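Have the model open as you read, and take the points in order.

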Amino acid sequence: MDRLAQVVSWFVALLLIVAVAINFSNVIGRYFFDQPIGWAEDALGFLQIGLVVIGASLVTRKNAHLRMDALEHLMPAGMRRWLEVGAGVVTVAVALVVVATASRIVAGMLENDTRTIVLEIPLGIPYSVFIFGFALIALFALLRVIHLLRRQQK
């Protein structure tokens, strides 16, 4: 799983580099040549969505999401572990619901040939990042639950 996380990290880095390059090129075109790149705003919006959704899977893997844990510190270790397991199971369930819902929406977009206004690419392509990102979130959360359950057995 470390290899998968590394590949996902490199992919997120690549998305960020591409976004910075497009934004920089657009700034140069706009302010120095008075010719902004017409598709840049569209592409940057989709890249930002990809960065957030796929990046959230890496945050899930590190168990670094923001959460309210004031009472958790007062609980015994065993109860905290079960709370972690419960949170992980809920995360997996919610992520899988998002994957299923996004799959239906993306399939509908592709079936209807819905396209972006400026880039004119099928809208299902950039929106498929929700399927990919939330599937990764479900996978990483499930692996954490398995790790916690194995740790409890010892």
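1. Start with what lines the largest pocket: seven nonpolar residues, five polar and four charged. Keep in mind that this is a predicted model. The volume of this pocket comes to about 290 Å³. Of its 16 lining residues, Asn63, Arg67, Ala87, Gly88 and Thr91 sit closest to the centre.

2. Which elements give two or more residues to that lining? They are helix 3 and helix 5 (129-153). Helix 3 has the largest share, with five residues.

3. Helix 3 deserves a look of its own. It runs over residues 77-111, 35 residues in total, and spans 50 Å from first C-alpha to last, close to the 51 Å expected at 1.5 Å a residue. After the helix comes Asp113, which has a positive phi, near 55°.

4. Now for the buried residues of helix 3: Glu84, Val85, Gly88, Val92, Ala95, Val99, Ala102, Val106 and Met109.

5. On to the second largest pocket, which holds about 210 Å³ of space. It has 13 lining residues, and nearest its centre you'll find Leu15, Phe46, Leu47, Ile125 and Pro126. Helix 1 (2-32), helix 2 (40-61), helix 4 (124-127) and helix 5 each give two or more residues to this lining. Helix 2 gives the most, with five.

6. How does the lining of the second largest pocket divide by class? There are 12 nonpolar residues, one polar and no charged ones. For the largest pocket, remember, the count was seven nonpolar, five polar and four charged.

7. Last, the aromatics. The structure has three aromatic pairs. One of them joins Phe46 and Tyr127 edge-to-face, at 6.3 Å centre to centre with 70° between the planes. This pair ties together distant parts of the chain, with Phe46 in helix 2 and Tyr127 in helix 4, 81 residues apart.

8. Why does Tyr127 count as partly exposed? Its relative accessibility is 29%, and partly exposed covers the range between the buried limit of under 20% and the exposed limit of over 50%.

Technical notes:
Residues are numbered from 1 along each chain as its sequence is written. This is a predicted model: local features need pLDDT of at least 70, side-chain atom pairs count only at pLDDT 80 or more; totals for chains, interfaces and linings use all residues. Side-chain values use heavy atoms; hydrogens and water are left out. Helices (H or I, at least four residues) and strands (E, at least two) are DSSP runs, numbered from the N terminus. The expected span of a helix is 1.5 Å times one less than its number of residues. Buried means under 20% relative accessible area, exposed over 50%, partly exposed in between (1.4 Å probe, protein chains only). On a 1 Å grid over the protein atoms alone, a cavity is a set of points where a 1.4 Å probe fits but cannot get out, and a pocket is an open set with protein on both sides within 12 Å along at least five of seven lines; lining residues have an atom within 4 Å of a point. Grid points are joined across faces, edges and corners, and a volume is the space filled by probe spheres set on the points. Ala, Val, Leu, Ile, Met, Phe, Trp, Tyr, Cys and Pro count as nonpolar, Asp, Glu, Lys and Arg as charged, and the others, Gly among them, as polar. Rings of Phe, Tyr and Trp (its six-membered ring) pair if their centres lie within 6.5 Å; planes under 30 degrees apart count as stacked, over 60 as edge-to-face and the rest as tilted.
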